[in-house]
Amino acid sequence: MTPIELLLGSLASGEVELIDLTAPLSSDTPVLRLPPPFANTISMSLEKVSDFDEAGPFWGWNNIHTGEHTGTHLDAPAHWATGRDGHSVDTIPPTRLIGPAVVLDFAAEAAENPDFVLEPEHLEKYVADNGPIPAGAWLVFRTGWSRYNKDAVAFANADVNGPHTPGVSPAGAQWLAESPITGFAVETVGIDAGQAGGMEPPFPMHHFLLGADKYGLTQLQNLDRLPATGAVIIAAPLPIVGGTGSPARVLAIIPA
């Protein structure tokens, strides 16, 4: 049997399982809200074109109104100043969108401290305990935050000092940028911590990761169903020409 036949047979037999990591996309999907004077993207909405009526008696269809960085989405290097001359979402090589998943589970720490950040020592401990991170891996940061993805207020967890959500320190971001990963995947609204605007540099994951030709995946769910290793992640953004990112369907193949 060919490798493709083996995979399809394993899916059909239940030896491997397909997990959807994508949060449903609707007008209720939480989106990032920046303070003035910064501009904000729009929430997702549908505009009816026809609905089996005079405008289209045999078909229903809609126009989609949304931002590139809404819901479960991919950040391309062109999204950030440090990567602005790099790949837009349509030019990312497809081979970079699929890779082994390495899951770092810090849900307990994030539940205790919503401002928890990954430091180099967390990453170095993983390598010491498990060996090197595979080249081309998606590093998956499990925090349990997806439990809030239907509640915009809880999802942002903001106060007068801004949002409080877990992320990565500047030193941790630089460590990841220098690692062989293809990208970083999170449950939160973005790949940076809620308080990252006050870090140096501001928004260090965007600064270092996208500047190093790596990618971000945000607002994932079902990460509790992934093993620490042994899964494969497939990210499928729309190839928007010149796009800085795109809503994406993100799937994981796991051993049953």
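Rings of Phe, Tyr and Trp count as a pair if their centres lie within 6.5 Å. In this predicted model, ring pairs link Phe106, Phe116, Phe141 and Phe184 into a cluster.

Q: How many aromatic pairs does the structure hold?
A: The structure holds six aromatic pairs.

Q: Why is the pair of Trp80 and Phe203 called edge-to-face?
A: Planes over 60 degrees apart count as edge-to-face. The ring planes of Trp80 and Phe203 stand at 70°, with centres 5.8 Å apart, so the pair is edge-to-face.

Q: What makes this pair a tie between parts apart in sequence?
A: Trp80 lies in the loop between strands E4 and E5, and Phe203 in the loop between strand E11 and helix H6, so the pair joins parts that are 123 residues apart in sequence.

Q: Which aromatic pair do Trp145 and Tyr148 form, stacked or edge-to-face?
A: Their planes are 75° apart and their centres 4.9 Å apart, an edge-to-face pair.

Q: Why is Trp145 called buried, and Tyr148 partly exposed?
A: Buried means under 20% relative accessible area, and partly exposed lies between that and 50%. Trp145 has 3%, so Trp145 is buried. Tyr148 has 24%, so Tyr148 counts as partly exposed.

Q: Which residues of H3 and H5 meet?
A: Pro120, Leu123, Glu124 and Val127 in H3 meet Ala171, Gly172, Trp175 and Leu176 in H5. By class, this contact has six nonpolar, one polar and one charged residues.

How values were computed. Residues numbered from 1 in each chain as written. Predicted model: local features only at pLDDT ≥ 70, side-chain atom pairs only at ≥ 80, totals over all residues. Heavy atoms only, no water. Contact = heavy atoms within 4.5 Å. Helix = DSSP H or I, 4+ residues; strand = E, 2+ residues; numbered from the N terminus. Nonpolar A, V, L, I, M, F, W, Y, C, P; charged D, E, K, R; others polar. Phe/Tyr/Trp six-rings, centres within 6.5 Å; stacked < 30°, edge-to-face > 60°. Buried < 20%, exposed > 50% of the residue type's maximum accessible area, 1.4 Å probe, protein only.
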